[in-house]
Structure formats: structure tokens, C-alpha cells
Amino acid sequence: MRLAARVRAVPALSALALLLAPAPTGATEGRPPPGATSCTGCHATGAAMQPISGRPAPEIAAALAEYRSGARPATVMNRIAKGFTEAESQAIAAYFAQGGPER
Amino acid sequence: MSRRLVQTRRSLLGNAASAALALAGPGLARPALAGTAPRVVVIGGGFGGATAARALRQGGVDVTLVEASGTYVSCPFSNEVIVGLQPLSAQRFGYDNLTRTGLTRVQANATGVDPSGRRVTLADGTTLPYDRLVLSPGIDLRLDAVPGYGAEAVAAMPHAWKAGEQTALLARQLEAMPEGGTVVLSAPANPYRCPPGPYERASLIAHFLKTRKPRAKLILLDAKDTFSKQRLFQSAWAALYPDQLEYVPLASGGQVTAVEPAAMTVRTDFSEYKADVACIIPPQRAGRIAAIAGAADRSGWCPIDPVTFESKLVPGIHVIGDAAIAGAMPKSAFSANAQAKVCAQAVIDLLAGRAPEEPKLINTCYSLVAPGYGISIAGVFHPVNGLLADVEGAGGISPVDAPASVREQEAVYAADWYRTITREVFG
């Protein structure tokens, strides 16, 4: 069941990624882009660090850009976002917008 | 023996197995066992192994998880248990939900690995064939490293560095300690499990003494001069525990050279300390099965490829979590969980005959220096020259001059992280 869901999600994900960013890195062949699988150790329902799965990609990408620049106040996300380029952030945003690990 | 196990596997997997076999068919290669889905054996059911087993299962792989214990006892937050801020029951996690993903759980000790025949041997002689093996064995304590600190000494001077009975023992000893007593806590040289852990433990014991036994004192003996989140810990100690906590770094004679459990003495090059409670955190190495498999080098830890977590010593075996030499990435539960997901994807890729992508991994470690006072260290890591290195410009510790509101917020995040990650791993 899992695998079937993943295979179905691939075309949608690729299309969305293309719309959002001309050249996102990673996320090829339905694989999670670099860094994406680390996020769910903190981000989940019921936690102060709210879930990111299913949120719109532009919202996630903008948050990461603002953490990176320091425009958005943070405790750890400012330190983490600096480890990702804009293209990598866009790929992570597209992955979670499509449901992340639940896709 | 192995036939019985195969039957067990079938009965446990049932329809899920058939479905997975059907789905996994075209995409995944079957190098070792014609006519079956690729098999991955995972040894170790902690934050690394349980995460890897789940992620592999979600990728349609036939997974067998070998773990000797039926219950996992979590080390993160066990320092809170030691000082009565959290019950030990909050550290215990079962494997029922993980088993429901359709993996096969074998509750046994793995005693042998045959890398050329790609088989794991269990204590009862059963063998488990694998296409790829994931080792997440955690640590073994080196009970030959500190003179006097052998297997019998841990009952008098608990390490409490593997959570469980040792955690409860240290909690009881602290509770029973006389007013005005002395606690001696020793931290080992690098590398070891949970770099900030000894200092969080020192902080929370100091908090316990301050609130419960204000005339008592804690001496923290350290086999090194620098440590994780040092400025944050030391400024908090100066503010909160000036009368409770004395820190003795290596340069001031902090290295423990011997202990005498019967006399409750802890010796260093410069002094001898008489303890009412002594917690000795000894040097460590990768869990024993890593050395049995040939995946540990002379340091006792396991060199790995930073893209796939495959052993640099034994092909077909991947090592994740505390046992691995992961470069700049610390030995933490967060790291083990992040590594497990990257490793699982790499194993799925390799079984399918495609090249794994270069990963990035995140680590975040929270420590409590007092209830409602949290601090953190974070990092982002990527492969550089065969090791996991820090992504430059990212990561670091909480601000040293942050207001109390930030410390409170980080304490909340620490508790929420624990709930979230244990639910992701075991839930």
C-alpha cells in the first residue's frame, strides 16, 4: 500500500517542484530531498514545533528563507535553516507540501 | 531452526507480506535469494534500529528486527528520572506498533555475523539470511578501562549510561543520600554517547541537591577540558548552583585513575574523593555485535561511508547511531533517528540497483540545566572527504545571553521533541 501511494505521488510531486523552483535539488525518483527526513523528529501534531506535512510549499519555503536571513525569530530553526540553500529549501518545501513521509 | 523461523515470519506477516512482495517485485533487486523480496536484517531496537526497520518496511522491504529486549528504555530524559522529575515508566517503549508495520521481530541476541555468507546467527543457533544488514547496536561500556570499575562495581557506583535499572538505582541512591553528602560524577574522554549528557546530569543533580539537600555537594570530574554547550552550562552553573557544583576539568586533575567501590573512593592524579554517591560514566565502544561482524576498527567504533552508512570494513553491513564514526555528527538519539532514515533510503536504493543521493542530516540536542531552563545545540551535516562534516555557517548553541523566556521555550521544545521522536520511532 505504501509503495503504491508513493509511486502515484511521484508525477504530482515532480510537477509541483517544477512549478515552484526551476532547478530544485534532490527529490528525484520520488526520493526525499536532502535533509527532509530529519525534520519529522521534531515536527508533528501535538508538539510546539508544529507539523509541516501538508502545508503549502510557498509557506514552508518562505519560513525557511526568513529563518535563514534572521527575519523570523527562532530558537533553533535559524541555526538549522542556514545549512540549506534556497534550492534545497524549495525541494524540502515541495516534499512536505505533498505530505512528506505520509505521501 | 531456520525453517521454524521462516514459518514464524510468514505467519506474522500474513497478507501484508504478500502485498509487499507483489509491490516490491519490479523495483527491487534480489541479489541473494531468488524468488523472494530483498531481506534486510536490522540488529538493535533503539532510536536508530527501530527507525531504520520502520523506514525500510515503508519502502516495501522484508525486514527482520533483532532485539534482545521486549521493551526499550530510552536514555534521553533519563537524567530527569534520576532526580525524580520524570517516572522511569515514561522511558519505556514497546514494539507492538512497530511490529504492526509488517516487519518480523525476533526477540533474541545476535551472536554471530557471516559477512561472506550474509547470515546472522542468533543465540539459539537460528540463522537469518540477509541481502543487507543494518547494525544499530548502541554502545558497550568498557568495564576494563578504569581500574576498579568492573562489572561488580556498577552496583555500588552506577553509570546509569544505559537507561533502566541503573537509572533507578542512581535515583534511589541520591534520594537516600545523607544531608551534607558528597556526590561524585565522572565524565569520560571523547567519543562517547550523548556528549552533553554528563553536564545535564550534573546540572539536574545540582538542582536536586539545592532543593532537597542544600548542604550537599556535587563534584564533577572530567577527563577533558572542553565539552558540548560548555559556555551555556558553565554560565548556568555560576548563576544557579555556585554552592552545589564544583567542576574539575582534566587540567585540574579531573581524570579518574581508579575507583574503590567498597570504600566509595574515586581517585585522580591529584586527589582522592570520598563519595556518598558515585556515578562513573566509563569510556565506551560500539555494541559488541559490531566487533563480531568485523565492522569496528581499533578505536572500538565503526567507520562508515557518509552517504550510505555502509561499513568501510565489511561490505553489505551498514552501521548507524552511537556505534558509527559519523564525523562531526554527535552520538545522540536525534542523530541515530536521522541517520536511520538516510541509511534506509540508501539501502532501498542499493537493493534497487540505483545510486543513493548525497544526504544532508540534522541534529538537535536539548539539555535541561533546571526545570524550565533548556539549552540546545544544533547542526546540519553533509559528506565531505568521506566523513560527515558540519555545513559551515549553520548550527551552533543557544545564545549565551538569551533571556529566561527563551530558556523556558527551549525546555518546552525539549519535552515536545521527546514526545514527537518517541512516537515517530515506537508509536
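Student: How many salt bridges does the rule find across the interface of chain B and chain A?

Tutor: A salt bridge here is a side-chain nitrogen of Lys or Arg within 4 Å of a carboxyl oxygen of Asp or Glu. Across this interface the rule finds 4. One involves B:K360 and A:E88, with the closest N and O atoms 2.7 Å apart. Keep in mind that this is a predicted model, where local features need pLDDT of at least 70, side-chain atom pairs count only at pLDDT 80 or more, and totals for chains, interfaces and linings use all residues. Residues are numbered from 1 along each chain as its sequence is written, chains are lettered from A in the order in which they are written, and side-chain values use heavy atoms, leaving out hydrogens and water.

Student: How many residues of chain B are in contact with chain A?

Tutor: Contact means heavy atoms within 4.5 Å. By that rule, 44 residues of chain B are in contact with 32 residues of chain A.

Student: And what about the nonpolar core, which residues touch the most other members?

Tutor: In soluble globular proteins, nonpolar side chains tend to be buried together. A nonpolar core is a set of buried (under 20% relative accessible area, 1.4 Å probe, protein chains only) Ala, Val, Leu, Ile, Met, Phe, Trp, Tyr and Cys residues joined through side-chain atoms within 4.5 Å. The largest one has 137 residues, and B:L56, B:V120 and B:W237 touch the most other members.

Student: What is B:L56 in contact with?

Tutor: Leaving aside neighbours within four places in sequence, the contacts of B:L56 include B:V40, B:V134, B:A344 and B:I348.

Technical notes:
Buried < 20%, exposed > 50% of the residue type's maximum accessible area, 1.4 Å probe, protein only.
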